[in-house]
Every structure is written in structure tokens, then in C-alpha cells.
Amino acid sequence: MKPARIILSFTTAIILLAAAGCSTTRRIPEGELLYTGLKGLKVETTDSMRLAPGVKEVLQEAVDVEPTPKTLFVLPVGLWVYNNWSDSAKGIKGWIYNKLVKEPVLVSDVRPALRTKMLDEILDNNGYFRGTATYELVQPKNKKKAAILYTVNPGPVYTIDTLRLLPDTCRLNHLIDSIARRDPYLRPGERFCMDSLSSARTRIATRLQNRGYYFFRPEYIEYLADSLMNPGHIALQMTVASNIPHAGTLRYKTGKINVYTFRSNGGGTPDTTELSHGITLVEMKPSRLRKKLITENVLFREGKTFSVRDINRTQTYLSRLGIFNAINIEAYPDTTAAEPTLDVTVGCTFDVPLEAMLEVNASSKSNSYIGPGLIFGVKNHNAFGGGEQLGVQVNGSYEWQTGSGHKSIFNSYELGITGSLAFPRLLAPRFIPSRHRQLNWTTITLNANMLNRPHYFKMAQFNTSFAYDWRSSRYINNSLTLFKLTYTKLMHTTADFDSIMTANPAVALSFQSQYIPQISYTFVYDRRIDRDNTINVQFTVQEAGNIFWSIYELCGKHGEKKLFGTPFSQFVKGQAQAVWGRRVSGNNWLWSRIAIGAAHAYGNSAQVPYSEQFYCGGANSVRAFTVRSIGPGSYHDPADKDNDYFDQTGTFKFEANLEYRFPIFGPLHGAAFIDAGNVWLLKNDPSRPGGTLRAKSFFRDLALGTGVGLRFDIGMLVVRGDLGIGIHAPYDTGKRGYYNMESFGKSLAFHLAIGYPF
């Protein structure tokens with residue numbers, strides 16, 4: 001659209017805003033009313049007649065109809081256009097009409113009488129057979145408008161009095177009865193609820209399918225309810241449908257198991273191999289496949305009672321390997337078998353094994369460094385035919401400093417290479433049961449990294465690790481790094497850096513060249529409790545140097561201990577975090593987070609290595625402050641001190657966040673948040689006064705900020721922008737009172753990030 005048209009459009013919109021007070025009901029037909037929204041859902045209850053949890057929400061959804069949406073801000077411009085402009089307008093006026101017009105939602109469109117019947121049905125389905133629902137129109141001064149108020153009187157709830165099960169005349173009936181007796185929704189005294197009864201028969205059918213009754217369906221179970229035998233209660237009888245097919249009554253065994261593997265590009269020569277447990281493998285050659293992989297992940301066994309659970313688990317196990325792009329499992333009766341038998345066919349199509357990844361990024365840091373970065377990686381998802389993932393990744397970045405007064409334009413660079421080899425099983429002793437090893441990973445990594453800060457230092461770092469990752473239950477993931485050895489070497493330092501280290505001896509010790517031999521364990525509990533609540537709890541504990549120190553002590557080596565001529569670090573470190581999400585309404589969520597961490601060096605080390613210390617501020621922390629701009633405690637760098645935030649780290653961390661997330665339009669979401677946190681020192685450091693953790697100053701040392709943000713969420717990718725507003729800085733800003741920010745402008749911090757903060 002031409003600029004002149006855009007200006008004219010905005011001018012017209014302003015005129016419309018001024019005219020929005022005009023009639024929005026002029027074209028409402030005679031006898032009709034403009035629906036202005038739900039006035040409310042009033043539930044009349046007493047102490048003896050209350051709605052069960054969740055029922056009111058279902059009633060609310062049945063009557064919650066949106067009125068005509070506003071077009072511009074909160075003004076009914078769209079309705080004004082509909083009532084006062086002609087739909088035959090041409091040119092700019094016609095274009096504006098089509099962009100702004102909103103047809104009215106009438107009371108007749110809402111159909112309140114029908115919705116009261118829906119409320120009655122919902123009450124009946126939830127055991128409130130004597131419940132009633134009515135509605136009334138609530139009209140303002142303009143008698144052409146009306147809101148709707150619904151009133152519900154639930155009455156007493158009916159509960160299950162007795163439950164009559166099936167006659168114990170066959171194995172199927174016996175199984176149904178035994179499962180039904182343990183179902184929580186079918187116990188005497190439980191509220192009669194159709195949804196609960198439907199869930200109960202679904203669970204019964206699922207358990208039967210896992211015990212060989214593959215063709216049994218939930219609809220084969222029926223209920224008969226009698227409310228007259230004992231008024232106010234329900235006598236419930238369970239029956240089996242008369243039209244149940246014969247196949248639904250049969251208990252099946254597993255017969256022949258055929259597994260086919262197909263090449264990603266099709267074709268190939270079939271090669272048949274008889275494996276254990278009655279599995280026949282037909283492999284399209286040439287291909288790379290370790291035969292044992294099939295018997296480990298295909299859980300069907302010839303002669304075993306057929307179970308749908310085996311279908312689901314086999315599908316999951318094969319998918320988690322990451323080497324197939326299509327998996328199809330079918331079961332069909334063997335008509336030649338002497339007893340009911342299901343033959344199984346598993347079809348797997350290989351994915352392309354090689355995957356390449358390229359990521360280009362740009363950074364702008366709070367210390368005036370800007371510059372691009374590049375990450376390139378290649379991964380083979382089936383390196384040795386057993387789902388092994390062999391990957392190599394290289395990364396590089398360079399940065400230059402703006403406004404620093406340095407003559408050199410090329411100020412900083414970082415180069416790194418990482419190699420990893422992951423096995424889809426635990427490479428562990430045989431005493432660990434194999435059934436616990438199917439979806440687990442063993443990962444070996446090698447890494448080398450070079451960091452160059454020309455005005456400060458050049459540092460090289462090498463590390464290798466051996467780690468296990470496994471899922472111990474549906475909600476729990478575990479990660480054990482059995483061994484990790486890191487070597488950090490300061491290759492070169494400048495006079496500026498040396499002067500900073502001289503003024504900060506504790507920081508200097510954390511930068512010294514050293515080995516860091518570590519063992520760590522991470523526990524993650526992640527669960528969606530119900531549709532309105534989700535929780536994530538994780539903690540990590542790690543130690544460094546204790547095993548080496550113990551060996552040296554046993555061998556009689558006292559004092560400072562070295563590994564290959566270089567001291568090794570000795571410390572313990574722990575971190576914990578809890579995140580809780582609570583649905584407020586619709587897609588509006590309230591998220592909260594608490595995080596705490598501590599690290600302590602001892603024995604062979606006076607300070608925790610710099611890379612293992614905590615820092616505060618930034619996009620995932622206290623967002624009103626930039627990274628490493630607060631702490632430790634009330635300490636703050638002098639204004640004339642330029643040390644690149646080397647000393648604003650600590651060995652104790654506490655953070656708390658509260659964030660309200662809400663949808664705006666389509667993939668665009670908004671957020672309002674408040675953050676608090678800081679880091680402290682567990683050992684006193686005279687060069688950083690106020691940095692030591694003290695109970696009496698703990699709350700005063702917490703940095704506090706609030707802010708708002710936007711998120712562009714397309715599912716696979718979330719781009720986030722947060723504007724933090726400082727409320728309280730833990731250090732002396734020259735201002736008195738709790739709100740001690742220097743100015744509103746200086747209290748702002750903007751962060752652009754990928755993914756949610758927690």
C-alpha cells in the first residue's frame with residue numbers, strides 16, 4: 001500500500017475512534033439483542049450440596065461464548081463500521097471497511113435456552129440428577145444489548161451404592177471383575193459420573209489387551225444404573241455387550257515375529273536371519289545393522305501372551321534409537337494355529353545416517369563486546385550398526401570492543417572442537433538387568449577449546465568425560481558422569497590482567513592452571529500432574545579431586561598434590577532448582593522458580609575454579625541486570641575499574657522468579673515477571689568487601705527487578721525478548737531507600753534469547 005494510503009488509513013481510524021460512541025446497534029434486527037458477553041455463571045450451593053472439583057469448569061466452558069471482538073484497542077470500532085457504513089463501499093473506504101468490520105454476535109446466536117439444556121446434561125452426567133439450570137438476560141440502558149447470566153442449582157449428588165459385577169463363568173469375566181474391583185471410580189460411595197465410568201471401562205479394556213485379549217474394546221462393557229432401589233443413590237450393574245464379536249472373547253498368544261528393515265533409498269537384496277525368541281529378521285542389503293539390536297528392542301516373544309504394551313514399548317524403543325524414519329507394527333491372527341495366535345510384523349525404514357548442523361549467531365555483550373559466531377557439526381546416527389551416534393562439532397567466534405579506546409580492532413576470539421560417541425545402552429557390568437538398559441545412553445566426549453582475550457589473557461582448556469543417562473521411571477531422568485577430567489592452562493597474560501589478579505588474590509587462584517577431575521550426578525523429576533499443574537525438580541551434585549587426593553594420602557603424599565606436574569582442584573558443588581507451573585485460566589499460566597547452589601573448595605584448593613563459580617543477572621536470571629553485573633553480596637566494582645567482571649562471581653547462589661504468561665495473538669505471547677537473586681562468597685575475601693554470605697544482610701543483598709516480555713512461540717522454536725526494570729540494587733548506588741536505582745533509564749535491561757527462561 002502507498003504511504004499516502006497508510007496515512008489516510010490511520011487518519012480514518014482516529015476519526016473512527018472519535019465516532020465509536022455512536023450507535024453500534026442501529027442495524028440489529030427487530031426482536032434481536034446484541035450479545036455483550038457472559039455476565040456470569042452463578043452456582044447456588046449449600047454445605048450439603050456442593051459441586052465436585054472440576055465440574056464448575058466444565059459448566060463454564062459450555063456457556064462461555066465470546067461477544068463481538070473489539071477491533072481497535074478496547075473500542076467496538078468493528079461494530080460501529082458494520083452499523084454505520086455500507087458494505088458496498090469502494091476504494092479506500094471499502095478497504096478500511098473490510099479490514100475493520102465485525103459482524104455482531106446476537107443473543108439468538110448464543111442460543112441460551114439450548115445451553116441451559118447442556119448444563120442440565122452435564123449435571124446429570126456428573127451425578128446431579130436433581131440439578132436445574134436457568135438463564136436471564138441482563139440489559140443495560142441500551143435495550144438493544146444484553147448479557148447472559150446463568151444460574152445452576154446442582155441439588156444433591158448421587159453416589160454409587162452397590163456394584164454388581166459379571167457372573168464368574170469364564171476367564172474373561174473373572175479378569176474383568178478382578179480389575180473392576182480395584183478401580184477407584186467403581187467403589188461404593190464414589191460420585192456417579194459418566195466420564196469416570198467411561199474412564200473405568202477404558203482402563204479395564206486396556207488391561208485386558210495387555211493380557212492377551214487384543215480385540216477387546218471399551219464399548220464391549222456396558223453399565224445399567226438404577227436410582228429407584230435406594231433413592232439418592234445408584235445401584236450399578238456391569239454387563240458385557242451382546243454384540244461382542246467372538247474375537248473379542250479370545251486370549252491370544254504371540255506367534256511368528258517377522259522384522260523387516262528397509263534401506264532409506266529403497267531397493268536392496270533381502271537377507272533372512274533367524275534370531276532368538278522366535279524372531280525372523282529380513283534385512284535389505286547392503287545395510288549396517290547389529291543383529292542384537294533387534295532382539296534388544298523388539299519385545300515380542302514367541303509363545304508369550306500377547307500384550308498391546310509390547311507394541312507400544314517396541315515402537316518407543318526403536319524410535320529412540322534415532323536410526324529409523326518410519327516404524328510400522330501390525331498384528332494379525334494366524335488361522336492355521338491350534339490355539340488363538342497373533343503373528344507380528346515389524347517394518348522399519350532406515351533414516352539417512354548423516355546429519356549436518358550449521359548455526360550462525362551474533363552477540364552483543366554488556367561489556368561492549370560484539371561479534372559473530374559459527375557452530376558446525378556433523379553426526380552419524382548409526383556409526384557401527386547399533387544406533388551409535390558419532391559426532392564432531394566445531395565452533396568459533398570473534399568479538400571486538402566498541403568505545404574502549406583500544407587500538408586493536410580484532411580483540412577476542414574463541415575456537416573449539418568437540419567429539420562425542422554415544423551408545424544407546426549402558427556400557428556397564430552384566431549384573432545390571434538388560435530390561436533397564438534399553439532406552440539408556442553411554443556417552444564419551446573429547447573437547448578442546450581456546451579462548452583469547454588479547455587485552456587480558458589466552459587460555460586453553462581440554463576435557464574428556466564418560467557419562468551414563470537413563471530413565472528410571474516415567475517421570476525421572478538420571479545422568480551420572482562417572483569420570484570427567486578438565487585441564488585448564490593460562491598460556492599468556494597481560495600486564496592489565498596481572499594487575500587485576502594482584503588486587504584480587506582469591507580470583508587469581510581460581511584462574512590458575514589446574515586439572516579438575518570430577519564425578520557428578522543429576523536427577524530430574526518432570527511431571528504434568530494434571531491439566532492445570534506441572535512441576536520440574538532437578539538437582540546436581542558433583543565433586544572434584546577427592547579420589548585423587550585420597551589415593552595420594554594413602555600413598556603417603558602430603559601437602560599440595562599434583563597431577564602430571566600441575567595441581568588439581570578439589571571441591572564439592574551442589575545445585576537445585578524447582579519450577580512449578582499453574583494454569584490460571586485458558587492458556588494463561590503462572591510460573592514460579594526457586595534455584596539455589598553452593599560450592600566449597602578445600603584440601604588441595606583454596607578457591608573453586610572460576611568456571612565452576614556462580615554468577616547472577618542475564619536473560620535467564622535476574623533480568624533487570626546484565627550478566628555478572630551484581631554480586632557477590634553488596635560488593636560492586638568501582639566505576640573506574642575495568643576488569644571485565646572477573647570478580648563478580650560467587651560460591652553461593654539464590655534466585656527466585658515469578659512469571660505470568662499469556663497469549664496475545666497466534667504465536668505471539670506476552671509475559672510479566674518479577675525476579676530476585678544474587679551470589680555470595682562462602683569464604684571472606686578482603687578485596688571484595690560485602691561479598692560474604694551473612695544472614696542479617698541476606699534479604700537486603702537480593703537484587704530485585706520486574707519487567708515485561710514478548711515471546712514468539714512456534715512450538716519447535718521460541719524467540720524471547722524481555723525488558724527488565726530494576727527496583728533494588730544490592731550495592732550502594734548513591735540513592736537512599738529500597739528503590740535505589742540511579743534513574744529509570746539506567747534501571748532498564750533488554751535481553752533477546754532463545755527458549756523460555758525456565
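Predicted model: local features only at pLDDT ≥ 70, side-chain atom pairs only at ≥ 80, totals over all residues.

**Exercise 1.** Work out how helix 7 is oriented relative to helix 8, and which residues make the contact.

*Solution.* 
- Step 1: Begin with the geometry. Helix 7 spans residues 171-181 and helix 8 spans residues 194-209; their axes come within 10 Å and cross at roughly 130 degrees.
- Step 2: List the contact. Helix 7 contributes Leu172, Leu175, Ile176, Ile179 and Ala180, while helix 8 contributes Ile204, Arg207 and Leu208.
- Step 3: Sort that contact by class: 7 residues are nonpolar, none is polar and 1 is charged.

**Exercise 2.** Now do likewise for helix 2 and helix 6: find their relative orientation and the residues that meet.

*Solution.* 
- Step 1: The axes of helix 2 (residues 55-63) and helix 6 (residues 112-125) lie 9 Å apart, at an angle of about 160 degrees.
- Step 2: Because an angle over 145 degrees counts as roughly antiparallel, helix 2 is roughly antiparallel to helix 6.
- Step 3: Helix 2 also passes helix 6 in a right-handed crossing.
- Step 4: From helix 2, Val58, Leu59, Ala62 and Val63 meet Arg115, Met118, Leu119, Ile122 and Leu123 of helix 6.
- Step 5: Sorted by class, this contact of helix 2 with helix 6 holds 8 nonpolar residues, no polar ones and 1 charged residue.

Note on methods: Residues numbered from 1 in each chain as written. Heavy atoms only, no water. Axes fitted to C-alpha atoms, helices over the stretch in contact; angles between N-to-C directions. Helix = DSSP H or I, 4+ residues; strand = E, 2+ residues; numbered from the N terminus. Parallel < 35°, antiparallel > 145°, perpendicular 65-115°, else oblique. Contact = heavy atoms within 4.5 Å. Nonpolar A, V, L, I, M, F, W, Y, C, P; charged D, E, K, R; others polar. Left-handed = near helix turned anticlockwise from the far one by under 90°.
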